[in-house]
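The following note is written for a reader who is new to structural description. Please read each point with the model in view.

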Number of protein chains: 2
Amino acid sequence: MAGTTAGGTNGGGAPDLSELATHSASLKRSGTAERVAVVLRDRITEGYFPPGSRLSEESISGALAVSRNTLREAFRLLSHERLLEHRLNRGVFVRILAVDDLIDIYRVRLLVECAALRALGEPPFDLTAVEAAVSTGEQAALRDDWAACSTANIRFHQALAGLADSPRTDELMRNVLAELRLAFHVMADPRRFHEPYLTRNREITDRLTKGDAAGAERMLAFYLEDSRRQLAEAYAQRLTER
Amino acid sequence: MAGTTAGGTNGGGAPDLSELATHSASLKRSGTAERVAVVLRDRITEGYFPPGSRLSEESISGALAVSRNTLREAFRLLSHERLLEHRLNRGVFVRILAVDDLIDIYRVRLLVECAALRALGEPPFDLTAVEAAVSTGEQAALRDDWAACSTANIRFHQALAGLADSPRTDELMRNVLAELRLAFHVMADPRRFHEPYLTRNREITDRLTKGDAAGAERMLAFYLEDSRRQLAEAYAQRLTER
DNA sequence: GCATATTTGTCCGTATGTATA
DNA sequence: CTATACATACGGACAAATATG
């Protein structure tokens with residue numbers, strides 16, 4: 001019944017929001033609100049809903065064929081993850097990070113990623129996930145596929161944090177890195193921000209392979225500091241020139 | 001408040017759950033769902049709703065005089081914080097931590113709290129919050145007020161993590177420590193778990209006052225390891241004997 | 001500054017499915 | 001196995017806040 005009026009919140013692009021129906025392949029039984037949240041999260045992190053855009057209850061619920069009540073439950077979840085911002089009586093918006101947010105995100109990353117390396121035990125580490133992320137990143141760079149490169153880079157850092165073997169830490173990193181993507185969508189110059197770090201990813205991994213966790217940690221700290229500075233500067237500039 | 005048709009929806013008696021109405025002290029404009037979440041969170045962490053208890057949509061929405069839709073939004077928030085567990089088609093329950101959860105929580109604490117100390121700059125630290133927490137804990141112990149002592153102890157560790165000066169880290173610790181309270185409510189022998197740590201809190205603080213962050217970090221690591229072991233053992237026993 | 005349209009906030013009623021006694 | 005209770009999800013309603021002309 002819901003009238004899917006074309007051209008809702010977003011001016012252009014693919015109008016296809018759906019593919020909600022049969023997720024029966026997944027073992028995890030979850031309600032519709034959570035499935036809606038998954039779809040929206042994907043759309044946000046992929047840039048389909050750019051930062052600052054308003055997510056109208058009516059159009060989204062229409063496009064996804066769910067009731068407004070259910071949609072609002074999904075909104076709550078994503079607001080809690082800081083991907084959406086809930087302004088009372090005005091609706092939900094894709095968050096626009098402030099520079100302070102960037103700084104805090106990098107502070108968390110420095111804390112968590114370095115701590116994960118420091119907490120490593122004896123030299124034969126399980127680096128399969130780290131290795132995989134690094135090589136997919138390198139291959140994506142060869143293809144000039146900077147979107148994939150960005151994803152691989154993020155996965156590299158998730159893998160590093162994953163060495164702590166802690167589900168809660170994993171979730172923290174997932175959320176924080178998803179937030180970080182919001183900043184990249186404001187700037188959209190992926191190559192500049194990811195290419196220089198490919199070799200450093202490789203170097204860090206090599207250190208770990210050799211069992212030199214302390215060295216890897218030191219390099220990682222410099223890496224994050226450089227990345228933070230470069231990103232924060234470019235981001236601040238981009239924000240003010242709007 | 002909107003939609004107040006035909007008077008109060010529930011003229012009937014609400015138990016002692018309420019006090020929803022006047023939150024006017026807070027500057028933060030928030031919707032009912034968030035206020036409901038605050039009330040429920042308090043009730044859970046204070047033990048009014050013990051772990052394992054089911055939170056019926058009907059009775060809670062009746063007691064708080066909010067609609068079931070609004071209540072469900074609040075449930076989503078608390079589920080996301082791992083205080084509630086959402087079992088599909090069965091409702092929401094106050095979470096019962098598994099031993100694995102305890103271990104992971106302590107892993108996160110070790111990671112974050114130690115990293116916060118390690119990241120400290122030059123010796124004159126701002127320890128007002130830490131100091132305050134320690135002394136309130138000591139005074140509570142003198143009064144045999146172990147509930148207050150538990151709270152102060154938690155606040156002590158929040159203050160330690162707060163030295164990292166990172167909002168996201170603060171939130172992480174808030175959530176993780178709120179979760180940890182669930183374990184204490186299963187056992188309810190607060191004295192045994194908090195008294196031995198009062199002096200160690202004091203010692204750690206003293207180290208920090210002297211500017212010896214590395215020493216404090218070492219002590220903290222032992223502290224957490226001891227605490228984790230003692231708690232996990234007692235908790236496992238308590239769980240199996242039920 | 002005002003009148004109006006749009007959108008959110010909140011509530012109600014209800015049909016359907018699922019788990020449990 | 002049937003019955004009951006409850007969560008799930010939808011749609012409609014209206015007040016209040018906000019945006020718009």
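Which domains does the domain assignment of chain A give? The answer is domain 1 (22-94) and domain 2 (99-241), the bounds being those of an automatic or database domain assignment.

1. Basis of the note. This is a predicted model, in which local features need pLDDT of at least 70 and side-chain atom pairs count only at pLDDT 80 or more, while totals for chains, interfaces and linings use all residues. Residues are numbered from 1 along each chain as its sequence is written, and chains are lettered from A and ligands numbered from 1 in the order in which they are written.

2. The domains of chain A. The centres of domain 1 and domain 2 of chain A, taken over C-alpha atoms, are 27 Å apart. Each of these two domains of chain A gives seven residues to the contact, where two residues are in contact if their C-beta atoms, placed from the backbone, lie within 7 Å.

3. The sheet of chain B. Chain B has an open sheet of three strands in the order 1-3-2, with antiparallel pairing. Strands (E, at least two residues) and helices (H or I, at least four) are DSSP runs, numbered from the N terminus; two strands pair if DSSP finds at least two bridges between them. Strand 1 (54-55) and strand 2 (84-87) of chain B lie at the edges with a single partner strand each, so one side of each has no neighbour in the sheet.

4. Pairing within the sheet. Strand 2 of chain B is joined to strand 3 (residues 91-94) of chain B by four bridges, and strand 1 of chain B to strand 3 of chain B by two bridges. In strand 3 of chain B, Phe93(B) stands opposite Arg54(B) and also opposite Glu85(B), whereas Gly91(B) stands opposite Arg87(B).

5. The hairpin. Three residues lie between strand 2 and strand 3 of chain B, which form a hairpin. Asn89(B), in the turn, has a positive phi of about 65°.
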